[in-house]
Amino acid sequence: MTSPDEQLLPINSNGDVVLVRQQVRAVAIQAGLSLVDQTKVVTAASELARNALVYAGGGQVKIEIVRNGARSGLRLTFSDDGPGIPDIEQALTDGWTTGGGLGLGLSGSRRLVDEFDLQSAPGKGTLVTVTKWSR
Amino acid sequence: MDRVPILKLGDILIVSIQIDLEDQSVLALQEDLADKIVDTGARGVIIDITAVEIVDSFIGRMFATIASISRMLDAETVVVGMRPAVAITLVELGLSLGGVRTALNLEKGVALLNHLDGAQIAAAPR
């Protein structure tokens, strides 16, 4: 079920990661985020989309505008059916990586958003939900 | 995949990133630059990111990698034109880009390279 405030994008290639960045930017503007906050949430989206591609071979993201009283915000839900994360605490540690990167994707993304939720278990895929509120 | 053009000005190679970079384009740029440094004997590399709206950890790592590769090949790298929002986001992300020189704009980047190794730039007054 999708409303005009909600859309689903696939993440199956490097090109899709670029499209996710562009779409997140467009919706962040719509949600009234400042330029710095737009930049932060687009950067977080880029990290999380790449994670889905690199670690799970692909996935999808739901982009939606959320409201809390007078405030509006942007919520991104990344889901994949990949191998999952055995040790979530370790995965959220700066510098920890199993993919040859810098190990800043998850931990850095968490710092760039207001709300961060990570659900995963081995064999169960990974679900990351992040929210950035307008100020 | 889009390829980023590399311009030569005297002893300096200039790369101005004008597109939303795919990871594959980032990797291609690293290799193209290394080849071009050796081909031209360039002493400096300037990466202009004035038009770049976000730098994530992958692109940030490219800057550090290009700086390291360039140094191996006897050239210095300067990243110029970073937007304030990008700088704020990079620091919060945890990427300090230690080892990568920056300058506010192209002009200051060229001046920094000249100061560093006395490279002779075609356009600069002697």
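Colleague: Which residue is the bridge partner of V78(B) in β5(B)?

Modeller: That's R101(B).

Colleague: Before we go on, what kind of model is this, and how is it numbered?

Modeller: This is a predicted model, where local features need pLDDT of at least 70, side-chain atom pairs count only at pLDDT 80 or more, and totals for chains, interfaces and linings use all residues. Residues are numbered from 1 along each chain as its sequence is written, while chains are lettered from A and ligands numbered from 1 in the order in which they are written.

Colleague: Ok, back to chain B. How many helices and strands are there?

Modeller: Chain B has 4 helices and 5 strands, and along the sequence they follow the pattern β-β-α-β-α-β-α-β-α.

Colleague: And in what order do the strands sit in the sheet?

Modeller: The order is β1-β2-β3-β4-β5 (chain B), in an open sheet of 5 strands with mixed pairing. The edge strands are β1 (6-9) and β5 (101-103) of chain B, and each pairs on one side only. On average, neighbouring strands of this sheet are turned by 25 degrees against each other, direction ignored.

Colleague: Which strands does α1(B) touch?

Modeller: α1(B) packs on the sheet against β1, β2 (12-16) and β3 (44-48) of chain B, and its direction makes about 160 degrees with that of β2(B). α2(B) packs on the sheet too, touching β3 and β4 of chain B, at about 155 degrees to the direction of β4(B). For such angles, axes are lines fitted to C-alpha atoms, for helices over the stretch in contact, and angles run from 0 to 180 degrees between N-to-C directions. Two residues are in contact if their C-beta atoms, placed from the backbone, lie within 7 Å.

Colleague: What does the radius of gyration say about chain B?

Modeller: With 126 residues, a compact globule would have a radius of gyration near 14 Å, and chain B agrees with its 14 Å. That radius is taken over C-alpha atoms, and the globule rule is 2.2 Å times the number of residues to the power 0.38. Also, 36% of the 126 residues of chain B count as buried. A residue is buried if 20 or more other C-beta atoms lie within 10 Å of its own, exposed if 12 or fewer, and partly exposed in between, with C-beta atoms placed from the backbone.

Colleague: Is D74(B) buried or exposed?

Modeller: D74(B) is exposed, because it has 12 other C-beta atoms within 10 Å. You'll find D74(B) in the loop between α2 and β4 (76-80) of chain B. Its phi is near 65 degrees, a positive value in a residue other than glycine.

Colleague: Switching to chain A. What's the strand order there?

Modeller: It's β1-β2-β3-β5-β4 (chain A), an open sheet of 5 strands with antiparallel pairing. β1 and β4 (115-120) of chain A stand at the edges with a single partner strand each, so one side of each has no neighbour in the sheet.

Colleague: Which residues of α1(A) are buried?

Modeller: They are D16(A), V17(A), V20(A), R21(A), V24(A), V27(A) and A28(A). These cover an arc of only 145 degrees around the axis, which puts them on the same side of α1(A). The arc is that of the directions from the helix axis to the C-beta atoms. On the other side of α1(A), G15(A), I29(A) and Q30(A) are exposed.

Colleague: Last one: how many residues of chain B are in contact with chain A?

Modeller: 18 residues of chain B, in contact with 23 residues of chain A. α3(B) gives the most to that side of chain B, with 6 residues.

Methods. Helices (H or I, at least four residues) and strands (E, at least two) are DSSP runs, numbered from the N terminus. Two strands pair if DSSP finds at least two bridges between them.
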